[in-house]
Amino acid sequence: MDFEMGNMVFIAGGTLVIPILAFMASFLLWPSALIRVYYWYWRRALGLQVHYADCGSYRFCYSTRGKPGTRPSILMLHGFSTHKDMWLSVAKFLPKHLHLVCVDMPGHEGTTRTNAEDYCIEGQVKRIHQFVESIQLNKKPFHLVGTSMGGNVAGVYAARYPADVSGLSLICPAGLKQPHESNFVKHLRVLEKTQNIQSIPLIPSTPQEMDDMIKLVSHIRYKIPQQILQGLVDVRIPHNDFYREAFLEIVGENSRYSLHENMHMITAPVQVIWGKQDQVVDVSGASVLEEALPGCQVELLENCGHSVPVERPRKLAKLIMDFLIAQQNVSNGSSKKLS
């Protein structure tokens, strides 16, 4: 009896110790693997499923939750060098019945990596439209959300394909001629003169550079363990050549002011959300959109930087839902008057 009890204690202890040791080993030795598991677990917990959409030889990777219903579906476009999982913290605060689609932008994460033609803003807009048609998301107009580079793409998409978009939420969008330049843009001008493409702050290759990048994009100061910083770098380093190629395209002459050049063609209701302490894309861009788009709704967030989806996910989710519901009520009211 004592022998059996000892075995049970040993087995029970083993079932607890092994996962703990595995976690510690992952944290210390393979932090990048731990980060991937973290995203996988969070997607699962929030009910998002990963799918693929094939268009000939081109493949899109996306996550989705819910089914199309009475409210417009939401398509979310992430920023430069991130991926669809950056929206997880926002998805946590969105209604679970809402049809939500988060896609990896061209060349990012699980979506096909091709050439520079697909990485400029016009190229990305064409690819996203290809994705929308492939999953038949535009059977009825959807709400389009984009942040940073994704905001630039979202704005140009709404201008190019107005029938697809019922509403537009732009979060710290790139692609505008701001009255005031951020320190990041000023730094880019120096790099442009020296042609030093190895020192782009948004493409870190060491834990210290990763920490500096996080401080650049976030107003909130995070205390991140060295092992996690190393893991974040390890995940990115294999893709840094692509990031440089893509970055040079989106800041090049043909893409740098794409949103500014196309904003006058946007017909959908527009919501602009911006962190007041944005160090990457200056908040003065919000006034540019407000002046160009009559009825544009602007929300400026205190104590928030460029990474609004990460710093203020609950607030962002609420603002998007409030705007979506308000626009739907306006649409329903107009329909009743017409009938």
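A residue counts as buried when its relative accessible area is under 20%, as exposed when that area is over 50%, and as partly exposed in between, with a 1.4 Å probe and protein chains only. By that rule, 48% of the 339 residues of the protein chain are buried. The structure is a predicted model, in which local features need pLDDT of at least 70 and side-chain atom pairs count only at pLDDT 80 or more, while totals for chains, interfaces and linings use all residues. Residues are numbered from 1 along each chain as its sequence is written, and side-chain values use heavy atoms, with hydrogens and water left out.

**Overall make-up**

- The protein chain has 13 helices and eight strands; these are DSSP runs numbered from the N terminus, with helices (H or I) of at least four residues and strands (E) of at least two.
- Contact means heavy atoms within 4.5 Å.
- Among contacts between residues at least 6 apart in sequence, 74% join residues at least 24 apart.

- Strand E6 covers residues 165–171, and six of its seven residues are buried.
- Two strands are said to pair if DSSP finds at least two bridges between them.
- Strand E5 (residues 142–147) pairs with E6 in the parallel sense over six bridges, and glycine 146 has leucine 170 in E6 as its bridge partner.
- From E5 the chain passes through H5 to E6 in a right-handed β-α-β crossover; right-handed means that, with the strands pointing away from the viewer, the path from the first strand over the helix to the second runs clockwise.
- E6 also pairs in the parallel sense with strand E7 (residues 270–275), over four bridges.
- Isoleucine 171 stands opposite isoleucine 273 in E7.

- The buried residues in H7 are Pro207, Met210, Asp211, Met213, Ile214, Leu216 and Val217.
- These buried residues of H7 pack against H6, H8 and H12.
- An α-helix has 3.6 residues a turn, so residues three or four places apart point the same way.
- Leucine 319 belongs to helix H13 (residues 313–338) and is buried, with a relative accessible area of 7%.
- Apart from neighbours within four places in sequence, leucine 319 is in contact with Gln271, Ile273, Glu299 and Leu301.
- The C-alpha atoms of leucine 319 and glutamine 271 are separated by 8.9 Å, although the two residues are 48 residues apart along the chain.

**Loop residues**

- Serine 81 sits in the loop between strand E3 (74–77) and H3.
- Serine 81 is not a glycine, yet its phi is positive, at about 65°; this residue is buried, with a relative accessible area of 7%.
- Asparagine 303, in the loop between strand E8 (297–301) and H12, has a positive phi near 50° and is likewise a residue other than glycine.
- Proline 68 is in the loop between strand E2 (58–65) and E3, where it is exposed, with a relative accessible area of 58%.
- With neighbours within four places in sequence left aside, proline 68 is in contact with Ser73 and His99.
- Proline 68 and leucine 100 are 32 residues apart along the chain, and their C-alpha atoms are separated by 8.7 Å.

**Pockets**

- A pocket is found on a 1 Å grid over the protein atoms alone, as an open set of points where a 1.4 Å probe fits, with protein on both sides within 12 Å along at least five of seven lines; lining residues have an atom within 4 Å of a point.
- Grid points are joined across faces, edges and corners, and a volume is the space filled by probe spheres set on the points.
- The largest pocket holds about 1500 Å³ of space.
- Its lining has 45 residues, and Tyr39, Thr82, His83, Leu232 and Val310 are those nearest the centre.
- H2 supplies the largest share of this lining, seven residues.
- The second largest pocket holds about 780 Å³ of space.
- Of the 32 residues lining the second largest pocket, Leu188, Phe247, Ile250, Val251 and Arg256 lie nearest its centre.
- H6 gives the most to the lining of the second largest pocket, with six residues.
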